[in-house]
Amino acid sequence: MFPLLLLCMCGLLLRGDAQDRAALWRGNDRSGRCQYTFTVPSPIEASCPQTGGPEVEGLKARLGLLEVLVSRLTGGDTGSPQGAGDRAQPELQEALNRATGERNLLQGEKRRLEGELEGLQRRMEEMRREMERLRNRPCPPQTPVVPPNPPLQGSGLMRPTGGSSPMSHLMTRPRQGDRQGDSSSLRDSAWQNGSPGFQELKAEVTEVPAPDGSEVNTGCGELVSVGEPVSHRKADNIEGKYGVWMQDPEGVSPYGPNMVWRIDTIGADVRKLFGYEDMEQLSKGFPSKVLLLPEQVESTGATLYRGSLYYQRRRSRTLIRYDLASESVAARRDLPHAGFHGQFPYSWGGYTDIDLGVDEQGLWAVYSTNKAKGAIVISQLDPHSLEVKKSWETNIRKSSVANSFIICGKLYTVASYTSPDTIINYMYDTETSQGKAMAIPFKNKHRYNSMIDYNLAQRKLFAWDNFYMVSYDLRLGRQQAN
């Protein structure tokens, strides 16, 4: 009994001492869950030998890495090796320089795009104003088509041959064209792209026989040769890079027969007609008369005849006869179905769709139509009313030749406008309605020939070659007897 009592007393004493040193905590953990914690101090060890443990060492290592990164970013040396910041600084500076350069490039590109946008907005506004101007402009008066007058018997004009000649089917072409609609209309049917109804010219160079001494330059036969170009005057400014100069073969008062006229055809408002008393005054550059035309001139196809200037009104197929004496428009008429403003020009361009000229038989127009599919069409015009008297359709494409001129009712075409040594490569005779290839040498002295016309007053060719007014002597063969 006594030993049992002694054991109970020892348990109570030990229990009381343990309660003084043990502790019990009750509380929520980080996730909010209730947790009981019971701690008992070690009865043997007064302190633990390891105060830090692996957790503290890990924290020290992470702090060291953070200090190294901070040192690299700031260029300092706090808590990191000495060379780390020095190596990081040039790399960061290079990256900053690249970013700055790219930013500057993007800003420059932005300014460029803003400039282009402003330019496009200005162009749109100009187009809008032009469209409003065209809408407000009245339509041209409609004029009925007058059938061409029959050729006059016994006159110097052309006469058709008999019914069995090759010309018979060509004589009906203008009447067929008249049935397509009003000649004053500015709309043609669309040009159907397909196999052309004519053949391109392919000429081979052949020798031209030298004329004998007995031949005189007064006949009206086929062209035999063209002389060397002679320059008379150079234009004063850029407006004269292209142009037209001419003489009236049948000049009337108040201007003498030696009067020379010129038009510089580069500019937005081509209307000035300069007159010179003679070739000498032209070469000196002293005009005696300057006229301001009522309508703008289109390209280099103008000509003079019997006291009137004939020219094409800009951006239209309208022909104008301007009387020099009264300084007023004497007649105007649309050339039926003619292409205009770059539809059927010569190979050098320049809106040379309609080319007017004068020879021994009168006033001519060289052009093309949608029906002809780009082939050259020749029409003889009435010099008073500008009506079409008769037309011929050739088999050579207008855009394949540099220029053309008419002598004695025969059309001649020039192969190149830039080559210094080219040829007159084709001839079409309106009397026989036949064309043929030829190879008469021709020189472009200044290498950009924008106008070639026959000058009946001097029986020469007049040309405008890259600012220069040039002339060529001609030699014609004897006219063949019928």
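1. The model is predicted: local features need pLDDT of at least 70, side-chain atom pairs count only at pLDDT 80 or more, and totals for chains, interfaces and linings use all residues. Residues are numbered from 1 along each chain as its sequence is written, and side-chain values use heavy atoms, with hydrogens and water left out.

2. The structure holds one disulfide (a pair of cysteine sulfur atoms within 2.5 Å). Cysteine 220 and cysteine 408 form this link, with their sulfur atoms 1.7 Å apart. The pair joins distant parts of the chain, 188 residues apart: cysteine 220 is in the loop between helix H5 (173-178) and strand E3 (223-226), and cysteine 408 in the loop between strand E17 (403-407) and strand E18 (410-414). Helices (H or I, at least four residues) and strands (E, at least two) are DSSP runs, numbered from the N terminus. The angle about the S-S bond is -105 degrees, a left-handed link.

3. Cysteine 220 is buried at 18% relative accessibility, and cysteine 408 is buried at 5%. Cysteine 34 is partly exposed at 41%. Buried means under 20% relative accessible area, exposed over 50%, and partly exposed in between (1.4 Å probe, protein chains only).

4. An open antiparallel sheet has four strands in the order E9-E10-E11-E12; two strands pair if DSSP finds at least two bridges between them. Its edge strands are E9 (303-305) and E12 (328-334). E9 pairs with E10 (residues 308-312) over three bridges, and leucine 304 stands opposite leucine 309 in E10.
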